[in-house]
Amino acid sequence: MRTASRLCKFFLALTIFGALPALISGQVPNPQIKAEIERLQHSLKEKPVSDADFASVNSMVDDALKGAIEALNSGKLYLGLEKLLQAEDLLQGARILEEKSEAVKSGFPAFESEWEKASKNLAALDQEARQRNWTRAPVALQALSESAQGKSIPLLEGSRGFATSTKPRDGLFYMGQAQGNAAFAKFTSTVSLTRSPASFPLRSYLPELQKLQEKTNAAFKPPRSIELHSRFIALNSTLKLAEELDIQKFYAGAFYQYLEASRHFGMLDASPLDATQQSALKTDIAAARKKLAASRQDDSLAQLFLERAESQIAHADGSASAADEWRSARVILDQVLPAYFAALKPASQILQASGKTVDITLVRWPYT
Amino acid sequence: MTFVTENFGASRLAEKFGVKGYPAVFVDDVLVAAPREFGYFGEVEGTGRYAPWRSAASQEKFKADLIRMIDLILAGKKDIVTREHATTTAASQEIAALPQVKLTDLSGKPLKPEELSGRVVLVEFWATWCPPCRATLEWLGELKRKHGDNIAILALAVESPEDQIRSTANSLSPSLHWAITDAPTAHSFGDITAVPTLFLFDRSGKTSRIFYGAPPDLHDQVEKSLDTLLK
């Protein structure tokens, strides 16, 4: 539960996404998103993070923002937004430590006062997010916004828990992350993007989540539960976020996180790819791209994952892709996209417990 | 069976039990596994009933224990579960008065009843691996300086290495009564499932308040209660 080890895991998770992009498509980058990325780049350059504990944040945020620009320039709009969120989340987490006084960092009454202020602001933003009208926006944009919004309040609550159980300074980082997520959610709600003409009705994804949770529970057995511990943590926390979003009726966000959980689940068994398999994967990705391009439906959420797969197998700087990136791209093609198309159909029934029952409650850190 | 997750920092069950870390597992309202049992509570990781977690034996043990707890509760034998874990709700375990305990301080000197008699008594259960405990112990030293002989403060260490207990005690106020808690003492206070846990007794020895964990307003709450008791 120590902050340092938590941050290491977080940084590792960021590096898994890696510094990607390429594939110049000739599309004009969305000016709003480009401006937001450049604003953060400028802000980071003008006022780098100087706190010794967060020295690595500068290069990590810089890399994420460069990745966002590269993704945007190569027509991978949603991937660009994912990377922008990574940057904003991390930067605001680290910045808040520099913005607050020593009294806030070391004393509970001052921390509590700041927490109350942040709580009011974030509650207001949360309320605002629930009123947003997404009828004209692509589902992927809505999904990115809702996912970030859905994390904001739990992160804020976690910040208080951390401040209480360790020290206020440790809690501040998560307060900053909460604000970063809410700011990103608000920004995405202002981005002007046109949706494909045919849309599909969003719905609760609890039946799919329930099935995936059961498969996850069944898979959690030694030796895999030990060897793939980090992967299980990522899978379970993604399932949890998806369920929280679903309960709040943030269905686009829930769908997105369900697909991300499907990717994590697929990674449990994914084998390394040899040269022939890598070549076949490239062909399959091109075919999937063609299929999505021909669709008149709003398949932006599938496009988001396809953008990730494309970027994972072809880095903007020409460097070789890691074995995990090839595996992840294969999983996206073989498991995530089929899960996406399957979930466009009406929901199946949720399994209800019958007879006498008990509640098993796990108290956990929200997202790792 | 319904599986519920509650976020650290916003869990009502954790708050009720004074659990200040994670993970923690409850079956209905019974705490069956606290953070320290997974080895994740405190500065030192890797000790606890289910630690290290990344081992087949720990995971199997947890699974077997959990299944047994569920079966017992479904069979209406909640009392067995609570007795085994000694972790029923704080409210049902709260003691009415200062127990008659035999304590020996860190210098080997027995605590005399007259050292507590007629005084408002504060008893803090703490551990060396609990960061908030250090802060509360420092503050208790200040309280002792402020109120002098009107109050007596017992700082009782649990589940901590003796050398670290002595080191902490030596670095803090010598006017507190420092002692290492044995099982009978902990049991006489209703069993201690979270640290810090702070008991406040009035001059007659009657329980005034019990504070679980270290919420941000702990000092304010205790000082207000203390002011009332000392009037």
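**Terms set against values**

Modeller: Over residues 1-26 of chain A, pLDDT stays under 50, and the model has 70 contacts beyond four places in sequence for them. pLDDT is the predictor's confidence in each residue, from 0 to 100, and contact means heavy atoms within 4.5 Å. Where pLDDT is low, the predicted coordinates should not be read in detail. Chain A averages a pLDDT of 89, with 92% of the residues scoring at least 70.

Colleague: What conventions apply here?

Modeller: This is a predicted model, in which local features need pLDDT of at least 70 and side-chain atom pairs count only at pLDDT 80 or more, while totals for chains, interfaces and linings use all residues. Residues are numbered from 1 along each chain as its sequence is written, chains are lettered from A and ligands numbered from 1 in the order in which they are written, and side-chain values use heavy atoms, leaving out hydrogens and water.

Colleague: Why is A:Ser225 called buried?

Modeller: Buried means under 20% relative accessible area, exposed over 50%, and partly exposed in between, with a 1.4 Å probe and protein chains only. A:Ser225 has a relative accessible area of 0%, so the residue counts as buried. Not counting residues up to four places away in sequence, A:Ser225 touches A:Phe220, A:Phe232 and B:Gln59. In chain B, 52% of the 231 residues count as buried.

Colleague: Which strands form the open sheet, and in what order?

Modeller: The order is 1(B)-1(A)-2(B)-3(B), with mixed pairing. Strands (E, at least two residues) are DSSP runs, numbered from the N terminus, and two strands pair if DSSP finds at least two bridges between them. Strand 1 (2-7) and strand 3 (30-33) of chain B each have a single partner strand, so they stand at the edges.

Colleague: How do you know that strand 1 of chain A and strand 1 of chain B pair?

Modeller: Six bridges join strand 1 (residues 359-364) of chain A to strand 1 of chain B, and the two run parallel.

Colleague: What makes a nonpolar core, and which residues have the most contacts inside the largest one?

Modeller: A nonpolar core is a set of buried Ala, Val, Leu, Ile, Met, Phe, Trp, Tyr and Cys residues joined through side-chain atoms within 4.5 Å. The largest has 103 residues, and A:Leu81, A:Phe255, A:Leu259 and A:Leu301 have the most contacts inside it. Another core, of 46 residues, lies apart from it and includes B:Leu106 and B:Cys133.

Note on methods. Helices (H or I, at least four residues) and strands (E, at least two) are DSSP runs, numbered from the N terminus.
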